Amino acid sequence: MAERRLRLGMLGYGTVGSGAYRMLEDNQASIQAKTGTRIEVARIGVKDAQKPRDLSPEIFTTDLDSIVNDPEIDTIVELIGGTDPAGRLVELALNNGKNVVTANKELMAKHGSRLVHLAKSKRLDLHYEAAVGGGIPLIQPLKHQLAGNDVLKMMGILNGTTNFILTAMQQDGADFAEVLPDAQAKGYAEADPTNDVDGFDTMYKISVLASIAFGRQVAIEEVHREGIRSISKVDMKYADVLGYVIKLLGICEPVGDRVRVRVHPTFLPKTHPLASVNGVYNGLWLHGDFVGDVMFSGRGAGSDPTASAVVGDLIDVARNMAIDGPGSALPYDPDMPTESITTLRSRYYIRIRTLDRPLVLGKIATAMGQRGVSIAAMEMKTIVPHEEGEIVFLTDYATESDFREAVASLTAEVGVSKVHATIRVED
Ligand code: HSE
């Protein structure tokens with residue numbers, strides 16, 4: 001019997017592409033034994049074919065369309081990132097009858113529903129395990145083993161760069177601006193760190209996970225997003241004293257027949273399983289109605305872990321092709337109805353600078369209490385005796401809109417000179 005082959009066209013040969021190539025080479029025998037298929041990289045599309053690389057130059061081309069239109073290629077691995085030209089090429093590949101494996105979270109977060117429907121209608125595979133959580137299997141478990149559950153809450157540390165920065169701030173007692181250059185020097189944070197530190201990357205990833213868990217695409221415009229630039233070492237210290245760590249979380253939860261999706265720095269109890277996911281590691285915790293609590297963690301970025309997810313997807317493609325299967329794209333519809341952050345009920349951390357005078361504390365507590373915000377814990381210190389003090393509160397549960405009104409009233413009514421930080425608390 002002729003050897004079964006899967007001929008790949010790769011779009012992009014950066015960190016993940018070169019890792020995937022190496023893994024397919026290094027583990028070729030075992031992958032072939034598991035799938036009965038020899039997976040071969042036929043062509044690789046790059047921006048600059050002349051750049052020195054570890055492979056023979058003939059395999060590279062700058063004509064990416066020629067790969068996607070090549071009748072000899074049956075599967076495309078898209079590792080360019082972004083939506084343009086990646087989106088057009090993925091769509092063209094599917095229309096040309098090719099399976100697609102992609103690591104593109106932005107593309108899937110913006111156009112996932114349409115692309116997965118297209119793949120399904122063509123009886124093709126469209127896999128994107130590497131788009132979220134690097135090497136950690138998250139998407140396949142959500143689509144399959146956990147799919148019988150109603151997901152009641154999902155929280156993830158989904159960005160290694162920000163987790164590295166927050167962990168360093170916590171461990172070294174350093175500020176964001178001091179740690180960022182180190183993260184850049186180590187190759188975690190990019191020269192323009194916006195995508196990571198302002199929460200865009202986490203927003204794409206939690207949107208993809210929410211879309212799978214709740215069966216309809218969450219529009220990224222509906223996701224509440226805050227990054228980590230405003231977190232200071234002072235907040236880190238108070239968090240520690242109060243029994244918490246600060247993590248940038250992507251969170252989603254059903255609210256009736258809607259879903260609320262948010263990305264923001266969060267006070268997380270030190271005992272929570274996500275609290276010990278440190279450095280560039282990622283983690284996802286979820287609570288399903290039957291399975292209960294489940295926790296995933298591992299390396300969320302980088303060449304080898306992300307290659308592991310890409311190659312896992314290719315093995316799925318090979319198995320599906322071997323049985324001439326109908327494709328394993330699991331479609332989800334667009335337009336998930338979403339719930340605003342303003343109706344959230346949460347606890348909050350707040351750090352304020354205020355006058356160090358009699359009655360001030362009482363007035364602050366009264367102003368907050370009048371908006372339905374009750375104080376659950378407090379730390380305070382004098383900065384300049386009889387002049388200036390710093391007060392930190394942890395509130396009881398309050399709605400976001402009441403809390404925002406209470407914060408506004410502090411500066412407007414009771415001599416609070418500055419609200420340094422407000423951070424949501426998850427218990
Ligand atoms: N920039 C991402 C991170 C890796 O820092 O986690 C790619 O998803």
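Predicted model: local features only at pLDDT ≥ 70, side-chain atom pairs only at ≥ 80, totals over all residues.
Colleague: Why is Gly36 called partly exposed?

Modeller: Its relative accessibility is 35%. Buried means under 20% and exposed over 50%, so at 35% Gly36 counts as partly exposed. Gly36 lies in the loop between helix H2 (28–35) and strand S2 (37–45).

Colleague: What does Gly36 touch, not counting residues up to four places away in sequence?

Modeller: Gly36 touches Arg4 and Ile31. Contact here means heavy atoms within 4.5 Å. The C-alpha atoms of Gly36 and Arg4 are separated by 6.8 Å, and the two residues are 32 apart along the chain.

Colleague: How do you know whether the radius of gyration of the protein chain agrees with that of a compact globule?

Modeller: The globule rule is 2.2 Å times the number of residues to the power 0.38. For 427 residues a compact globule would come out near 22 Å, and the protein chain has 24 Å, so the value agrees. Along its principal axes the C-alpha trace spans about 90 × 45 × 35 Å. As for burial, 54% of the 427 residues count as buried.

Colleague: What makes S3 and S6 the edge strands of the open sheet?

Modeller: The sheet has six strands in the order S3-S2-S1-S4-S5-S6, with parallel pairing. Strand S3 (60–61) and strand S6 (126–127) each pair on one side only, and they are the edge strands.

Colleague: How do you know that strands S4 and S5 pair?

Modeller: Two strands pair if there are at least two bridges between them. Strand S4 (residues 75–78) and strand S5 (residues 99–102) have four bridges, in the parallel sense, so by that cut-off they pair. At one of the positions, Glu78 has Thr102 in S5 as its bridge partner.

Colleague: Why is strand S15 called mostly covered?

Modeller: Strand S15 covers residues 388–395, and seven of its eight residues are buried. Buried is set at under 20% relative accessible area.

Colleague: Which strands pair with S15, and in what sense?

Modeller: Strand S13 (residues 345–355) runs antiparallel to S15 and is joined to it by seven bridges. Thr354 has Gly389 in S15 as its bridge partner. Strand S14 (residues 375–384) also pairs with S15 in the antiparallel sense, over eight bridges. In that pairing Met378 stands opposite Phe393.

Colleague: What is the phi of His386 in the hairpin of S14 and S15?

Modeller: The hairpin has three residues between the strands, and His386 takes a positive phi near 65°.

Key
Residues numbered from 1 in each chain as written. Heavy atoms only, no water. Buried < 20%, exposed > 50% of the residue type's maximum accessible area, 1.4 Å probe, protein only. Helix = DSSP H or I, 4+ residues; strand = E, 2+ residues; numbered from the N terminus.
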